[in-house]
Amino acid sequence: MPLTAEEIALMRASVGVVGPHAADMTVYFYAILFARHPEVRALFPDNLDVQRDRLLRGLLQIVDLVDDPENLIRFCGRLGRDHRKFGALDGHYPAVGECLLASLARYAGPAWSPELAAAWTHGYGVVAQVMMHAAGEDARRAPAVWEAEIIHHLHRGHGIAEITVRPDAPYPYTAGQYASVETPWNPKAWRYYSPAHAPRPDNTVTFHVRAVAKGQVSEGLVYNAKPGDVVRLGPTQGDMTLDPRSDRDLVCVAGGTGMAPIKALVEDAARTGTERYVDVFVGARTAEELYGLDDMLRMSQRHHWLSVRAAVSHERIAGLEGTLPRVLNEFGPWYRHEAFLSGPVDMVTQASATLARQGIPQERIHFDPFDVPALEASLLPRRMREPPED
C-alpha cells in the first residue's frame with residue numbers, strides 16, 4: 001500500500017529534525033543493532049565509517065523518493081539486489097527496522113509521536129518488501145558475487161593503476177555502469193569502480209583505480225595487488241548508459257579516473273555503429289593530470305564523429321587554459337544533446353549547471369552521485385534542476 005501524503009510529510013519533516021544529529025544517530029543505530037542482534041555483525045566491515053555514510057545516503061534517497069513510487073521501487077530494488085553480496089537474508093530486515101525506528105525515536109526527541117512512528121513503520125515495511133522481492137528474483141538468475149582473478153596490473157602514474165580481472169563466470173554489465181569491488185586485504189569493505197570499456201567477448205574487465213589516502217580498498221588495489229590475486233565483484237549498477245532508441249548527439253565531460261565510464265560509452269557508441277556526433281571534454285588542474293586524454297585522442301583519429309578537447313584550470317597553457325564549465329560555454333550549443341558527466345563532485349556539479357543553463361533538461365544530464373557527501377546525496381539531483389545564478 002503506498003504511503004499517504006500525511007505519512008510522506010511526517011517522514012520528511014522528521015529528517016529535518018534528526019539531520020543535525022545524523023552522525024550520532026548512525027553510531028547509535030549500529031551500536032544497538034549489534035548489541036540486540038549480534039548475528040548481523042559479520043555482514044559488516046570492521047571499519048564502519050563508510051558504511052555509516054551509506055546508511056544516511058540510503059535513508060535520504062528513500063525519503064526523497066517516497067512520493068515517486070516508480071523510482072522508489074527501482075532504487076530499493078537495486079539496493080536489495082546489491083545487498084546480496086553482504087549475505088543479507090530476509091530475516092535481517094526486521095532487526096534493521098526495529099533499530100532504525102529506535103534510533104529515529106531517540107534523536108527526534110519530542111517530535112517523535114505515534115503518528116510519526118506509524119509512518120516510518122509503513123515506509124520501512126514498503127522498502128523492505130521491495131528489497132527482499134528484488135533479491136529473491138535476482139538470486140534465480142545471477143550469483144551474489146563473482147570471484148575475479150587479477151591478470152594484469154599496470155601503474156599509470158599519479159597513484160593510478162590499470163587493473164584487469166577475469167571473473168569466474170559471465171559478468172553482465174552495460175557500458176557506463178559501475179561495479180562494486182572487495183579485496184582480500186579488507187574483507188566486507190566494498191568500493192565502486194567503472195569498467196573502462198564496453199563489454200568484451202573474453203569476459204575480462206579493466207578498472208582504472210586511483211589510490212585515496214588511507215583508502216581501505218584503493219590503496220591495496222594500486223600498491224599491493226598483483227596478477228594472481230583474487231578480488232570479488234558485486235553486481236553492476238548505474239543508469240549512465242546509452243539509450244539505443246535515441247539518436248541525439250552526445251556531450252561528455254570527464255575528470256581524473258572519471259574518464260573510465262566515458263571511454264566505455266564512446267567504445268559502445270563505436271561498436272554499435274553510431275551515427276551520433278560525440279564531443280568529449282577532459283578536465284584537470286594541470287596538463288600532467290589530464291588522465292586518459294591520449295587514449296581518447298587516438299580514438300578520435302579512428303572515428304570522424306568523435307571530437308576531444310582538454311581544459312586545465314591551474315596552469316597557463318595557450319588553447320587549454322580554463323575550467324571545464326568555461327570551456328563548455330565556448331562550444332555548443334548543447335540544448336539538443338544528451339550529456340554524460342563523470343569525475344570529481346565539484347566538476348560534475350558545475351558542468352551540470354552549465355549545461356542546464358544552455359538548455360539541456362535535467363533528465364538528459366546523466367551522472368552517478370555515489371561520491372557525493374552522504375547528507376547531500378538525495379538533495380543533489382533536486383538542486384541541479386535549479387542552476388545557480390552567475
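Trainee: Which exposed residues sit on the face of α9 turned away from its buried side?

Mentor: Welcome! This is a predicted model, where local features need pLDDT of at least 70 and side-chain atom pairs count only at pLDDT 80 or more, while totals for chains, interfaces and linings use all residues. Residues are numbered from 1 along each chain as its sequence is written, and side-chain values use heavy atoms, leaving out hydrogens and water. Helices (H or I, at least four residues) and strands (E, at least two) are DSSP runs numbered from the N terminus, and exposed means over 50% relative accessible area, buried under 20% and partly exposed in between, with a 1.4 Å probe and protein chains only. On that face of α9, the exposed residues are D294 and Q301.

Trainee: Why do the buried residues of α9 lie on the same side of the helix?

Mentor: The buried residues of α9, which spans 293–302, are L293, D295, M296 and M299. They share a side because the arc they cover around the axis (taken from the directions from the axis to the C-beta atoms) is only 160 degrees.

Trainee: What covers the buried residues of α9?

Mentor: Here contact means heavy atoms within 4.5 Å. The cover includes β1 (146–157), α8 (259–271), β8 (278–284) and β9 (306–312).

Trainee: In what order do the strands of the open sheet of five strands run?

Mentor: Strands of a sheet pair through backbone hydrogen bonds, either parallel or antiparallel. Two strands count as paired if DSSP finds at least two bridges between them; β8 and β9 have seven, in the parallel sense. The open sheet has parallel pairing, and its order is β9-β8-β7-β10-β11.

Trainee: Which are its edge strands?

Mentor: Look for strands that pair on one side only. Those are β9 and β11.

Trainee: How are α8 and α9 oriented to each other?

Mentor: Axes are lines fitted to C-alpha atoms, for helices over the stretch in contact, with angles from 0 to 180 degrees between N-to-C directions. The two axes come within 11 Å and cross at roughly 10 degrees. Angles under 35 degrees count as roughly parallel, over 145 as roughly antiparallel, 65 to 115 as roughly perpendicular and the rest as oblique. The two helices are therefore roughly parallel.

Trainee: Is T183 buried or exposed?

Mentor: T183 lies in the loop between β3 (179–182) and β4 (190–193). Leaving aside residues up to four places away in sequence, T183 touches V217, L221 and V231. Because its relative accessibility is 3%, T183 counts as buried.
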